[in-house]
Amino acid sequence: MARQLVEIRILPPFVIGRLGSSPSPMDNYKLEITNPVGARMIVIAPTLVVDTITGEATLATPPAPVRFRDEQGRIRPIAPFLEVWARFDDSDDLVPLTIQNLAEAGMNPNFVQWSVHVANHKAFRRTRDPNDRIEAKLGPFSDHDRRALEGVSCNFKTDKVLPLGHAQYIRPTEAVPGIRLRITPAAGKVYGPDRNPHVADDVYDAARGTWKGYKDDDSDPRITIPGEIYAAESDGSTSLGYLDDECDGIVEVKVAAHSAFARIAIGPPTFAPDSQPVRTVDDELVQALLGPNIADRVSDTEVAGIVRRVLETVKLMNTEVMNRASRSTRGVGMARMDYLDRARAPEPIMNPSVVDALAVRARHERVLLALESGTLAWFARVLREYDAVGDLSDAGRRLMPALMRGADGRYLALTRRQVALIRGGAAQVAAGKGLAAAPPTSPNRTRLPAIAPKNRTAQLAYDAAGNPPSAHPRSAISNSYPGLEMDFRNAWKRVLEGIVLHEAANLVVEVTAAAPPDAAGLVGMWLQSVDGMPVTVPVTGPLVGAAESVPLPDTTTGKPVMALEWSNALAAIMPKAGQLVRCVFRAEPLHARPGPEFEVELRVQGFFADGTAVIARNLAEPGALSQSLCSPWQNDYRECACFYWAASRPDYVNVDALPDGTSTGNNWMQKSRGRGASAVYVIDDWVDSRLYSHVDLFTRWEELAFVIGGEDEE
């Protein structure tokens, strides 16, 4: 009697592809920790090499060392695999679906049907013209041809498409029997309405659409936050109509009567591939799944992993420059933004004598080396709470992580779950219990024999065979303003059924057909609390010429309050999926004084599709997760003034010690480098010709150096 197929999943539930123009995708590699405080070692790993003509894959171990470019200097794209896993009637576990167990169920690989839908909605997010949506759809298909993902739009010129990469159903063989799909990203090029040296093709029809010539209306609260993060004319606000080949979307598979889907996002390379961001999309997914609190004993691996990522981030930041309090110089970090955004007194955040990069690095190294001592307790005490981001007092600004901007536009806070893990570990040490020893599992797993269908944590953590670490959400930035691979704030906009929120503000931008009758008038109103939890906080600190903390109005809106980022503010309501919660709205956005309030009960939508670890379909359509990023994405490499994602887009590289104990090094964006005493860190003021300009990056971004161990690649 044939086995019966019961259910299927796609694993990993979320993968990240990374742009590059080389026709040779990146080999697989793994990251190994050999020095407690040193850089992770990049080690070549077994790689699935695909024949794009036949669709067959072979398992090979490429020669060392790992190379992120081909012989022509082109960056090799990260082209991730998505595997199909299945549960049969004779087992309680999910196992990889193969040609063998398909045959045992009376099927063959032709029973498998794939569909792919990715989109780029960056222009649409600004113009709000549905004809500016760029969509690429494939399938259903069961053959093994390499298929182009061609983005089309009603506002494109006749017969023009935006290349968004390729998809290929890998032909299973006896040697590589698994059922899997590969997504290969596009080259990382810029497209526009006109032929010029900066664009690969003129795809957009400016006679039909308004993306060329578009301007953000600063009086319209629906614009992206931050605004004007698109390629613009010399006035800095009039859009050139440029597009990029980033995208995000959904991959679906059907086998007989069963179906499953997963998420894919395409972003730029991780230019410091031996480092990981301090706060990642994986951290967000785990918090949404497990909640902001911890119930079990904390392991040394969990705590050390977070502290190590903090260390890896500060190693790539020029903390001395980020601490400066200039009112006018770009590229000097949060102290300047406090002044521009809130008219706070322009003072350094830390004592300038203790913020040289080498000194900051040493302090973090001591914490990592001494997790079982009082050092961890000190580190836990100085962590910033998610709802203390509006505290711009001296003490508030010095909380950790320091000098970095978060998704809410003010100082970065870790996820509530990350903070709970560190504080829980510190409490265990203080109680004499110590940190628990984690199971001896590799952080670079490529195969698992089986996964329980209910073990969604394992499904989130899974690394598909052949996928390098930068294909996993643990490599993707989530403390985004707005981000690089995606703007993760967009995953939360629809979590309250019936309304759509602004991704970065507490503004209701849409009421849907699922809304209750008393929610009909909520468009244009401002959410104040959910289930009794505030989603805004006051902003306080000293004004120019004053010492004591006072309310600090936003210099644009005049309101002394700010909205919290969604993923931390709403994390605690996720266990109430399917339930009604009390939501309070106000007509005025962020008033400090009492005003008329409106209470509506709204249903909490599940963050994940039922029984899976995939972000639910109804929370984000294809194109939604990346729609509020820069357009083109290269602009973000220059717009960024706070270097809050140093592990993906480095800042301070080739760092050397000077005789006085301070450091010297290069800005990663410099076209040429000096070393040692001859090194000059060039502050990014948008005009210095020693740095790559916005325009340079449109066509020359692949000249940017990969940074290994803090040093430019060889």
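## Salt bridges

The structure holds 55 salt bridges. The model described here is a predicted one.

| Asp-220 | Arg-128 | 3.0 Å |

In the salt bridge between Asp-220 and Arg-128, the closest N and O atoms are 3.0 Å apart. Asp-220 belongs to the loop between β15 (212–215) and β16 (238–240), and Arg-128 to the loop between α2 (122–127) and β10 (134–141), so this pair ties together parts that are 92 residues apart in sequence. Asp-220 has a relative accessibility of 13% and counts as buried, whereas Arg-128, with a relative accessible area of 34%, is partly exposed.

Because Asp-202 is found in the loop between β14 (190–191) and β15, and Lys-160 in the loop between β11 (146–151) and β12 (162–170), the pair ties together parts 42 residues apart in sequence. With a relative accessible area of 11%, Asp-202 is buried; Lys-160 is partly exposed, at 22%.

Glu-497 is partly exposed at 27% relative accessibility, and Arg-603 is partly exposed at 35%. Elsewhere, salt bridges with shared partners join Lys-157, Lys-160, Arg-195, Asp-201 and Asp-202 into one network.

## Helix α3

Helix α3 (residues 281–290) is largely enclosed by the rest of the structure, because eight of its ten residues are buried. The buried residues are Val-281, Asp-282, Asp-283, Glu-284, Leu-285, Gln-287, Ala-288 and Leu-289. Their cover includes β2 (14–18), α4 (300–314), α10 (416–430), α11 and α12 (566–569).

At the N-terminal end, Thr-280 caps α3, with a side-chain oxygen 3.3 Å from the backbone nitrogen of Asp-282. After α3 comes Gly-291, which has a positive phi, near 95°.

## Aromatic rings

There are 19 aromatic pairs in the structure. For Trp-211 and Tyr-214, the ring centres are 5.7 Å apart and the planes stand at 35°, so the pair is tilted. Trp-211 and Tyr-214 are both buried. One aromatic cluster is formed by Tyr-29, Phe-68, Phe-271, Trp-633, Tyr-637, Trp-668, Trp-701 and Phe-706.

Charged side chains also lie over ring faces. Arg-3 lies over the face of Phe-88, at 4.2 Å from the ring centre, and Arg-617 lies over that of Phe-261, at 4.3 Å from the ring centre.

In soluble globular proteins, nonpolar side chains tend to be buried together. The largest nonpolar core of this model has 181 residues, of which Trp-114, Trp-492, Leu-496, Phe-585 and Phe-607 touch the most other members. Helix α4 gives the most to this core, with six residues.

Trp-492 is in contact with Ala-288, Trp-566, Ser-567, Leu-570, Met-574 and Phe-607, leaving aside its neighbours within four places in sequence.

## His-364

His-364 is located in helix α7 (residues 357–369). Its relative accessibility is 8%, and His-364 therefore counts as buried. A polar atom of the His-364 side chain lies 2.8 Å from the backbone oxygen of Val-360. Apart from its neighbours within four places in sequence, His-364 is in contact with Val-307, Val-310, Leu-311, Val-314, Phe-379 and Met-400.

Conventions:
Residues numbered from 1 in each chain as written. Predicted model: local features only at pLDDT ≥ 70, side-chain atom pairs only at ≥ 80, totals over all residues. Heavy atoms only, no water. Salt bridge = Lys/Arg side-chain N within 4 Å of Asp/Glu carboxyl O. Helix = DSSP H or I, 4+ residues; strand = E, 2+ residues; numbered from the N terminus. Buried < 20%, exposed > 50% of the residue type's maximum accessible area, 1.4 Å probe, protein only. Contact = heavy atoms within 4.5 Å. Polar contact = N/O pair within 3.5 Å; in protein donor to acceptor, adjacent residues only side chain to side chain. Phe/Tyr/Trp six-rings, centres within 6.5 Å; stacked < 30°, edge-to-face > 60°. Lys NZ or Arg CZ within 6 Å of the ring centre and 35° of its normal. Core = buried A, V, L, I, M, F, W, Y, C linked by side-chain atoms within 4.5 Å.
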